[in-house]
Amino acid sequence: MKEITQHRKKITERKIRYDGSIEEHCCIQLKRKDNTIVVFHEIRQSFTITGNQNQITIPKGSYTTAYYWRNKPFNLYFWRDVKGNFLGAYFNIVRNTMIKNNLVSFEDLIIDVFVLPSGEYVVLDEDELPSELPQFENGFVQRSLNNLVVSKNLLLEQVIAETDTIFSHNAHYYRWQSSLSTFLTE
C-alpha cells in the first residue's frame with residue numbers, strides 16, 4: 001500500500017465501445033511497466049452482473065484493480081470489497097489498447113468473460129454481436145476468447161497474489177480509501 005500512496009497519479013480510463021460511444025473513469029495509477037499498466041478505481045455506484053444462472057452485485061465502496069496490456073487482446077477488472085474479499089473478475093475482449101501519460105484507452109469488442117469467486121466463468125454478450133461469434137471481426141474475438149479461457153486461471157492466480165499485497169485491508173487502508181475519494185474529486 002505504501003507504493004500506492006507515494007505514487008498517486010490520476011489517470012483516465014477510456015473505453016471505446018463497438019458502437020463508437022465512449023465511457024471514461026477517473027482512476028489512480030498503481031503500476032506501469034513496459035506494455036502494462038495497473039490502475040485503481042473506487043466503485044461509486046453498485047451494479048449487478050448477470051450471466052446464465054449466475055448473478056453478483058458489486059457494491060458501492062468496493063474497488064477495481066484493473067490491468068491493461070498493449071500486447072494482449074483483453075484487459076481485466078478485478079473486484080474486491082472494502083474488507084478485501086474477492087468479488088469476481090471481468091475480462092473485456094479488446095483491441096488497440098493505448099497507454100499514454102494520463103490515459104489508458106481501449107476498443108471494446110463486446111464479448112466479456114465474468115469469473116465468479118468459485119472459479120466458474122460465464123461468457124457474456126454474445127447476443128449483442130452483429131454476426132456469429134466465429135465470424136465476428138474475422139474470427140479475432142473467437143481466437144482471443146479461446147486463448148483467454150485457457151490462460152485465465154494462471155493469470156488470476158497472479159493477480160490475486162499481487163492484489164493481496166496492494167492493500168492490507170486494515171484501519172490504515174480505510175483511512176487511505178477516504179483520502180483517495182477526496183483525491184479523485186479534486
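This is a predicted model: local features need pLDDT of at least 70, side-chain atom pairs count only at pLDDT 80 or more; totals for chains, interfaces and linings use all residues.
Trainee: Okay, how many nonpolar, polar and charged residues are in the lining of the largest pocket?

Mentor: That pocket holds about 490 Å³ of space. Its lining takes in 19 residues, with Glu23, His25, Phe47, Tyr77 and Trp79 nearest the centre. β1, β2, β3, β4, β6 and β7 each give two or more residues to that lining. Sorted by class, the count comes to 10 nonpolar, 4 polar and 5 charged.

Trainee: And which element gives the most to the lining of the second largest pocket?

Mentor: This one has a volume of about 190 Å³, and its lining includes Lys31, Tyr67, Leu155 and Gln158. At least two lining residues come from each of β2, β3, β6 and α2. The top giver, with 4 residues, is α2.

Trainee: What about the largest nonpolar core: which element gives the most there?

Mentor: The core has 27 residues, and those touching the most other members are Phe74, Leu76, Phe91, Ile93, Ile111, Val141 and Leu156. Elements with two or more residues in this core include β7, β8 and β9. The one giving the most, with 6 residues, is α2.

Trainee: Which residue in β9 stands opposite phenylalanine 91?

Mentor: Look at how β8 and β9 are put together: a hairpin joins them through 2 residues. The two strands run antiparallel, with 9 bridges between them. Opposite phenylalanine 91 you'll find valine 113.

Trainee: In the hairpin of β7 and β8, which residue takes a positive phi?

Mentor: Those strands are antiparallel too, joined by 7 bridges, and tyrosine 77 sits opposite tyrosine 90 in β8. The hairpin has 5 residues between the strands. The one with a positive phi, near 95°, is glycine 84.

Trainee: Last one: is serine 105 buried or exposed?

Mentor: Serine 105 is in strand β9. Leaving aside neighbours within four places in sequence, serine 105 contacts Arg14, Asn96, Thr97 and Met98. The cut-off for buried is under 20% relative accessible area. Serine 105 has 3% relative accessibility, so the call is buried.

How values were computed. Residues are numbered from 1 along each chain as its sequence is written. Side-chain values use heavy atoms; hydrogens and water are left out. Buried means under 20% relative accessible area, exposed over 50%, partly exposed in between (1.4 Å probe, protein chains only). Contact means heavy atoms within 4.5 Å. A nonpolar core is a set of buried Ala, Val, Leu, Ile, Met, Phe, Trp, Tyr and Cys residues joined through side-chain atoms within 4.5 Å. Two strands pair if DSSP finds at least two bridges between them. On a 1 Å grid over the protein atoms alone, a cavity is a set of points where a 1.4 Å probe fits but cannot get out, and a pocket is an open set with protein on both sides within 12 Å along at least five of seven lines; lining residues have an atom within 4 Å of a point. Grid points are joined across faces, edges and corners, and a volume is the space filled by probe spheres set on the points. Ala, Val, Leu, Ile, Met, Phe, Trp, Tyr, Cys and Pro count as nonpolar, Asp, Glu, Lys and Arg as charged, and the others, Gly among them, as polar.
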